[in-house]
Amino acid sequence: MLRAACRALSSIRTQAVIQGPVLRLPERGRTRYPSEQWALKPRGLLLLAARGFAHQKPVQPSQVDDLPSSTLLKDYQNVPGIDKVDDVVKRLLSLEMANQKEKLKVKQEQLMNKIVANPEDTSSLEARIVALTVKIRNYEEHMKKHRKDKTHKRYLLMSIDQRQKMLKNLRMTNYDVFEKTCKELGIEYIFPPLYYRRAHRRWVTKKALCIRVYQEAQKLKKQKKALKAAAAASKQGQRGSAEPSEVRQETSKENQ
């Protein structure tokens with residue numbers, strides 16, 4: 001019933017709008033439109049409201065903006081005779097027509113040439129830190145556009161934690177390379193905080209119980225030690241009392 005009533009009402013409204021723009025002339029000489037009679041908003045406001053959703057957001061800066069668009073892709077940079085290729089083919093094989101993945105590869109190679117002594121060695125700590133930094137910045141750009149993406153947020157936090165561990169190991173092994181890496185990548189190394197745990201009621205009760213159990217265990221150990229010492233002393237006393245009796249028996253035998 002409600003659906004039928006809504007459909008009938010909507011059809012009446014559309015018919016009233018199509019039939020005639022003017023229903024009656026009031027006394028003040030002002031025309032009354034159907035939108036005013038049926039409490040409808042004029043089309044101009046509807047268009048403004050609709051266009052409000054189409055406003056473009058400001059473009060976020062990206063880490064690949066500094067790369068020149070004429071740079072060739074990583075897979076085609078060392079191809080022999082690439083300089084003699086037509087300009088159209090070069091444009092197709094350049095960053096101008098590349099996707100985000102190919103641009104990140106070129107950016108990673110550019111940073112590797114600045115930091116790593118041997119760019120082909122991708123297993124060193126500084127090379128892995130560079131790769132993780134490029135990935136982290138890509139995740140940050142993605143999170144600025146899609147703030148509710150929990151999967152990429154989890155990947156971002158995991159990558160940051162992994163890079164923090166690698167920086168810690170690099171700082172302990174090679175401090176000069178650590179300083180150079182942080183300077184070139186713009187990383188501010190923060191020392192890990194000391195162990196901290198919030199003292200809630202359950203944790204305090206558990207800690208008090210553990211302390212009490214430990215104290216009782218120490219008391220039992222002391223009692224066991226005291227019992228062992230008393231048993232050893234009694235054994236020595238028995239042995240000492242038995243030795244003079246044996247000596248007396250031997251002396252009596254000799255006298256006989």
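A residue is called buried when its relative accessible area is under 20%, exposed when that area is over 50%, and partly exposed in between, using a 1.4 Å probe and protein chains only. This is a predicted model, in which local features need pLDDT of at least 70 and side-chain atom pairs count only at pLDDT 80 or more, while totals for chains, interfaces and linings use all residues. Residues are numbered from 1 along each chain as its sequence is written, and side-chain values use heavy atoms, with hydrogens and water left out.

**Aromatic pairs**

- The structure holds four aromatic pairs, where rings of Phe, Tyr and Trp (its six-membered ring) pair if their centres lie within 6.5 Å, and planes under 30 degrees apart count as stacked, over 60 as edge-to-face and the rest as tilted.

**Y139 and Y155**

- The ring centres of Y139 and Y155 are 6.3 Å apart and their planes stand at 35°, so this pair is tilted.
- Y139 lies in helix 6 (residues 125-145) and Y155 in helix 7 (residues 150-173), so the pair links distant parts of the chain, 16 residues apart, helices being DSSP runs of H or I with at least four residues, numbered from the N terminus.
- Y139 is buried at a relative accessible area of 16%, whereas Y155, at 35%, is partly exposed.

**F178 and Y189**

- F178 and Y189 form an edge-to-face pair, with 5.2 Å from centre to centre and 90° between the planes.
- F178 belongs to helix 8 (residues 175-185), and Y189, 11 residues apart from it, to the loop between helix 8 and helix 9 (201-255).
- F178 is buried, with a relative accessible area of 6%, and Y189 also counts as buried, at 16%.
- Ring pairs join F178 and Y189 with Y175 and F191 into a cluster.

Notes
Helix = DSSP H or I, 4+ residues; strand = E, 2+ residues; numbered from the N terminus.
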